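Here is a short tour of one protein chain. Keep the structure open as you read.

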Amino acid sequence: DLKSAGGFADLHAKVADPEGDDYRERLRKILTEQFNKHPYTLVEFKPAYGHIFSEYISEYSHWGYGDLDMTFGDLRSWVSSEELNDWDIVTYSHGDQGSVYLRGQFTFHKNVPTVNNVWRHCDYLSDLPSRYNLRKGENKNKYRFESAEGCYSYAALQEENIKVKYVVKAMTDFGDDDPIHQSGLKLMERSGSVVVAKPGETTDHDYFKQVNSKNVYPSGGVGEFYTEF
């Protein structure tokens with residue numbers, strides 16, 4: 001039932017499948033309330049869409065996600081057969097492909113188990129019961145928004161059997177001073193080699209795990225908020 005908040009939340013609670021029916025029912029109630037009060041938090045689940053909507057996309061070769069403020073033209077003129085056949089995940093950038101993250105604006109995936117389960121490496125999705133303190137028999141009402149472009153991008157880069165392509169096929173009104181350009185990992189040249197690093201600070205590959213609203217939106221905006229479940 002995709003027309004009700006409860007039915008939609010029940011689908012998203014599938015990320016807790018291994019936890020059993022009790023956790024899933026409690027998560028369904030929590031997510032129903034959360035999606036009603038803070039619908040933007042739905043974007044956190046983008047990496048798991050291949051799993052969440054598996055029953056709806058079983059006959060399709062690919063699945064993907066985008067943003068509501070995007071305008072798509074004739075995708076058949078943009079998406080190449082090489083991208084569909086030779087790559088597992090393809091993400092479109094606007095010329096900033098040196099920033100190695102999977103864009104929330106438009107990223108598409110092969111509909112295969114190895115790709116559809118990359119999200120499981122991100123605790124904020126794969127361990128929702130702990131995130132909401134359900135394991136302690138109580139609900140957590142302090143909630144921090146997590147960027148799907150953070151941990152998921154890191155997880156995809158660590159998969160040796162998954163090929164990711166970053167393509168310049170998008171336009172944007174972002175400026176170079178936008179906060180989003182101050183976070184993430186970059187491809188950089190150091191001592192004659194190409195490395196992945198946070199500009200000017202570290203070569204710590206774990207940085208992607210730390211990306212959340214605090215450093216993506218340092219001046220505020222979507223971030224930590226309070227809600228009752």
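## A patch on the surface

F72, L75 and W78 make a nonpolar patch on the surface, with about 300 Å² of accessible area together. A patch takes residues with over 30% relative accessible area and no salt bridge; nonpolar side chains (Val, Leu, Ile, Met, Phe, Trp, Tyr) are joined within 5 Å, and like charges within 9 Å. A salt bridge is a side-chain nitrogen of Lys or Arg within 4 Å of a carboxyl oxygen of Asp or Glu. Accessible areas come from the Shrake-Rupley method with a 1.4 Å probe, and for residues only the protein chains shown count as cover.

This is a predicted model: local features need pLDDT of at least 70, side-chain atom pairs count only at pLDDT 80 or more, and totals for chains, interfaces and linings use all residues. Residues are numbered from 1 along each chain as its sequence is written, and side-chain values use heavy atoms, without hydrogens and water.

L75 sits in the loop between β1 and α5 (81–86). Helices (H or I, at least four residues) and strands (E, at least two) are DSSP runs, numbered from the N terminus. L75 counts as partly exposed because its relative accessibility is 36%. Buried means under 20% relative accessible area, exposed over 50%, and partly exposed in between (1.4 Å probe, protein chains only).

## The cores

The largest nonpolar core has 35 residues, and F45, I52 and I89 have the most contacts inside it. Such a core is a set of buried Ala, Val, Leu, Ile, Met, Phe, Trp, Tyr and Cys residues joined through side-chain atoms within 4.5 Å. Elements that each supply at least two residues include α1 (5–12), α2 (21–37) and β1 (62–66). Another core lies apart from it, with six residues, among them Y92, F106, F108 and V167.

## The strands

Strand β3 (residues 106–110) is mostly covered: five of its five residues are buried. β3 pairs with β1 in the antiparallel sense over five bridges. Strands pair if DSSP finds at least two bridges between them. The bridge partner of H62 in β3 is K110. Strand β2 (residues 89–93) also pairs with β3 in the antiparallel sense, over three bridges. Here V90 stands opposite F108.

T91 lies in β2. Is T91 buried or exposed? T91 is buried, with a relative accessible area of 1%. T91 is in contact (heavy atoms within 4.5 Å) with residues including Y101, F106 and V167, leaving out those up to four places away in sequence.
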